[in-house]
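I opened my notebook to look at how two chains sit against each other. Here is what I looked up, entry by entry.

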Number of protein chains: 2
Amino acid sequence: MARVLLPWSDLRVPAGLTAVHYDGSGAAPQDVDDVEFYVLPYDSGAEPRKLIPRLPALKAVQTLNAGYDDILPVLPEGVALANGRGLHDLSVAEHTLALILAAQRDLPRWFRQQPSGSWSRGHTRSLADCRVLLVGYGSIAKAIERYLVAGEAEVVPVASKARPGVHGIDELSALLPEADIVVLVLPDTPQTRGIIGAKELAALPDSALVVNVGRGTAIDVEALTAEVSAGRIRAALDVLDPEPFPSDHPLWTQDGVIITPHVAGGSDSFYPRAKRLVEEQLARFAKGASLANLVR
Amino acid sequence: MARVLLPWSDLRVPAGLTAVHYDGSGAAPQDVDDVEFYVLPYDSGAEPRKLIPRLPALKAVQTLNAGYDDILPVLPEGVALANGRGLHDLSVAEHTLALILAAQRDLPRWFRQQPSGSWSRGHTRSLADCRVLLVGYGSIAKAIERYLVAGEAEVVPVASKARPGVHGIDELSALLPEADIVVLVLPDTPQTRGIIGAKELAALPDSALVVNVGRGTAIDVEALTAEVSAGRIRAALDVLDPEPFPSDHPLWTQDGVIITPHVAGGSDSFYPRAKRLVEEQLARFAKGASLANLVR
């Protein structure tokens, strides 16, 4: 009977497989000679992947991260690797909506005045009817889009290449002057680095909101600091370059700027989705079918 | 040619109608003897409605509020009245989501640490997979529901009477122990006053979030203060009883409590929706059809 090494003990394991439990804390399990499928514990440092070369019967590894560069060097020839693509999408989308709504509905103002018991009121911006550029139109952006559509915002998707219903990144400069909100959901690549610089920020209308939940390198942070400190545009940022962002940088204390410390992906919504994926992969593995999310 | 009295000058007016502009500021317009349809300026105090009895040709009045008790006394016999039901729904829904996401994703923590430039991080709750009771299942709750569905929360509607897919308010006590989040969207009536008291709060699981965007009277505020100050549950409140809420009340400064000063309805999303409604009503009026949202 094939054995599988799993980080959680509450999973449905199909008939024909026996589960061994290893959550990444404490010593790695002994008696692993017949482990064929290994689901790496999530967010548990470097130890779990050191076990990979010590599993002689291994056929497949499942990581719960999207990235897997750190696994390839220890992955034996012929062993399949599946990643956790999509498991963080909804968590990031939620935090993105939290940032957008906080900025549009003046939450920082209400939170600031709460300790003094102030009932000072005011009219706010809205999300409804805003034109929102979604720059980087992958699965996270699509999860954000579902929220925006529910809120009756107008979504304008922008991807590296144009396709029906999606603008190409070469159209970005033409789109910026009509944007109320620009959401960046870009990876860090040579093409995305500094894609929002002084020229792009200057093209935005007054009071536009720049949101970044991808990678900090997409924005020229000094150009952004200049525009927000002039009071011309606003920003809500979960990622910065570098991270941790220097605590004495003037961006932290500008009006109209919200900063959260790269926490968009780290919420409870991850676990049920990760467990569901693992159960689906176990079912595939048990019947000899190809795994989903294969990256090697 | 029939004349219509409108608060905005940028509306599409159908052929056959002539518009007079009155936004509620300054003196009321003269030469109104042939005004047949009057759209009351929004949020402009008591002056605009005093004009109603001075319009001898008047056939219909449109208010942009949901409430109209202040108009009935000055409305002549035989004049129709339409209200602004639904125009604020999306604004309230947006703010409700802002409150829920702020609470689940720890925005008060990040905002508190921002001025010091702290990169201290942490895992947060999520909205996804939460079971959310929507108590008071009218048009505002349905707008909230669209957001919650986009975020993959589980929505449990509760209305005054049970119907297919909707629980009755008599089932509330049985539903509370399984709720992660309870959203109150109730008007102030003898039936709703104090509907969430000590017993109901005690029935909630630890760390549950109570959200109120309806009327403050629905919650026994002293019972709520006791539960949140014990650290047992959390709250996010846009409405309180009384308003303004006393600045020295201990609820303001409890951990796990977010208070905004009754600002859910007051955002920019109102105006495009109000203008759209007025243009639709003008089209109906021009062809002699019955107005929508008639309340008399």
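I began with the contact between the chains, which takes 52 residues from chain A and 52 residues from chain B; residues count as in contact if their C-beta atoms, placed from the backbone, lie within 7 Å. I kept in mind that this is a predicted model, where local features need pLDDT of at least 70, side-chain atom pairs count only at pLDDT 80 or more, and totals for chains, interfaces and linings use all residues. For my labels, residues are numbered from 1 along each chain as its sequence is written, and chains are lettered from A and ligands numbered from 1 in the order in which they are written.

Next I asked which helices of chain B each supply at least two residues of the side that touches chain A. I found H2, H3 (107-113) and H4 (139-150); helices are DSSP runs (H or I, at least four residues) and strands are too (E, at least two), numbered from the N terminus. H2(B) gives the largest share, eight residues. By class, I noted 22 nonpolar, 20 polar and 10 charged residues on this side of chain B. Here Ala, Val, Leu, Ile, Met, Phe, Trp, Tyr, Cys and Pro count as nonpolar, Asp, Glu, Lys and Arg as charged, and the others, Gly among them, as polar.

**Symmetry.** I laid chain B on chain A and got an RMSD of 0.2 Å, with a turn of 180° and a shift of 0.0 Å along the axis. The superposition is by least squares on the C-alpha atoms of residues with pLDDT of at least 70 in both copies. The two copies are thus related as by a two-fold rotation axis. The same surface serves both, as 100% of the contact residues of chain B recur in chain A.

**H2 against H2.** I looked at H2(A) and H2(B), residues 89-104 in each chain, and their axes come within 9 Å and cross at roughly 120°. Axes are lines fitted to C-alpha atoms, for helices over the stretch in contact, and angles run from 0 to 180 degrees between N-to-C directions. The pair is therefore oblique; under 35 degrees counts as roughly parallel, over 145 as roughly antiparallel, 65 to 115 as roughly perpendicular and the rest as oblique. On each side I listed Glu94, Leu97, Ala98, Leu101 and Ala102.

**H4 against H4.** How do H4(A) and H4(B) pack? Their axes are 8 Å apart, at an angle of about 175°, and the two helices are therefore roughly antiparallel. Arg146, Tyr147 and Ala150 of chain A meet Arg146, Tyr147 and Ala150 of chain B.

**H2 against H4 in chain B.** I then turned to H2(B) and H4(B), with axes 8 Å apart and an angle of about 50°. The contact includes B:Val92 and B:Leu97 of H2(B), with B:Ile140 and B:Tyr147 of H4(B) among the partners.

I found a cis peptide bond from A:Glu243 to A:Pro244, with omega near -10°. A:Pro244 lies in the loop between strands E11 (234-237) and E12 (257-259) of chain A. In chain B, a cis peptide bond joins B:Asp241 and B:Pro242, with omega about 5°. Last, A:Asp106 has a positive phi of about 60° although it is not a glycine, and I placed A:Asp106 in the loop between H2 and H3 of chain A.

Technical notes. Contact = placed C-beta atoms within 7 Å.
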